[in-house]
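Please look over the fold before reading on.

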Amino acid sequence: MQILHLDSSILADSSASRALSQAIVAGLLRQHPTATVTYRDLVAEAIPHLDGAIAAGFRPITPPAQAATVAEHARSQTLVAELLASDILVIGAPMYNFSVASQLKAWIDRVVQPGRTFQYTAQGPVGLATGKRVFIASSRGGLYSSGALAPMDFQERYLRAVLAFIGITDVQVVRAENLSRGPEARETSMRGAYAAVAELSPDSSAAH
Ligand SMILES: Cc1cc2nc3c(=O)[nH]c(=O)nc-3n(C[C@H](O)[C@H](O)[C@H](O)COP(=O)(O)O)c2cc1C
């Protein structure tokens with residue numbers, strides 16, 4: 001059992017998504033004590049944004065490149081290999097400006113590769129990164145799971161969409177909302193999220 005654990009909050013020790021993703025991984029390790037965890041702190045070790053030269057490395061025939069670009073091509077391949085080798089992904093995903101952290105987007109931009117994690121077919125694109133389960137630790141300052149701001153959720157909806165695009169549909173979300181609405185609201189929300197972590201379905205594909 002291989003777990004790939006990603007964190008993307010810029011808020012270090014005060015981060016809600018980091019605390020929750022850690023709790024999810026701890027729970028998984030209790031269920032699967034022999035599991036191996038690969039951890040990537042996407043803020044401490046930021047992945048440079050995709051550019052044309054780096055994206056050229058996605059193609060089977062890569063044009064000659066500078067040493068720095070060659071290193072970035074190798075990084076892209078490492079990130080894809082880590083994803084494909086994993087059975088479970090745990091993603092700490094705060095909402096920033098209605099979407100995911102740019103550090104997480106930079107990781108996504110490296111692993112969504114034609115021929116590796118999806119392929120184009122006559123019937124349209126097909127995901128290749130199948131057979132994985134994902135747990136998302138989602139944190140938000142406001143309320144998006146219902147109410148007036150729900151259409152502004154380009155974080156969880158985006159993550160579900162891009163994961164489905166590469167073939168991953170077994171996704172469970174642990175969500176802490178209203179975190180910017182005062183200490184009481186934050187505490188209530190975090191208590192609920194930790195309770196949700198404890199109730200996560202270990203083996204089924206029950207998507208929350
Ligand atoms: C740069 C930045 C942008 C944010 N944008 C939003 C937002 O669009 N909507 C929202 O509800 N909260 C927003 N927040 C609040 C965060 O979602 C909230 O602080 C959450 O706890 C972040 O997760 P983290 O604690 O794991 O970093 C933002 C926070 C920061 C720092």
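## Model and numbering

The model is predicted: local features need pLDDT of at least 70, side-chain atom pairs count only at pLDDT 80 or more, and totals for chains, interfaces and linings use all residues. Residues are numbered from 1 along each chain as its sequence is written.

## Fold

The protein chain has six helices and seven strands. Helices (H or I, at least four residues) and strands (E, at least two) are DSSP runs, numbered from the N terminus. Their order from the N terminus is β-α-β-α-α-β-α-β-β-β-α-β-α.

The C-alpha atoms fill a box of roughly 55 × 35 × 35 Å along the principal axes. Of the contacts with a separation of 6 or more, 76% join residues 24 or more positions apart; a contact means C-beta atoms, placed from the backbone, within 7 Å.

## Core

Buried residues make up 33% of the 208 residues. Buried means that 20 or more other C-beta atoms, placed from the backbone, lie within 10 Å of the residue's own.

The largest nonpolar core holds 39 residues. Such a core is a set of buried Ala, Val, Leu, Ile, Met, Phe, Trp, Tyr and Cys residues joined through C-beta atoms within 7 Å. Leu20 and Ile24 are among the members that touch the most others. H1 gives the most to this core, with six residues. Beyond its neighbours within four places in sequence, Leu20 contacts Gly92, Ala137, Val174, Ala176, Ala193 and Val197.

Key: A residue is buried if 20 or more other C-beta atoms lie within 10 Å of its own, exposed if 12 or fewer, and partly exposed in between; C-beta atoms are placed from the backbone. Two residues are in contact if their C-beta atoms, placed from the backbone, lie within 7 Å.
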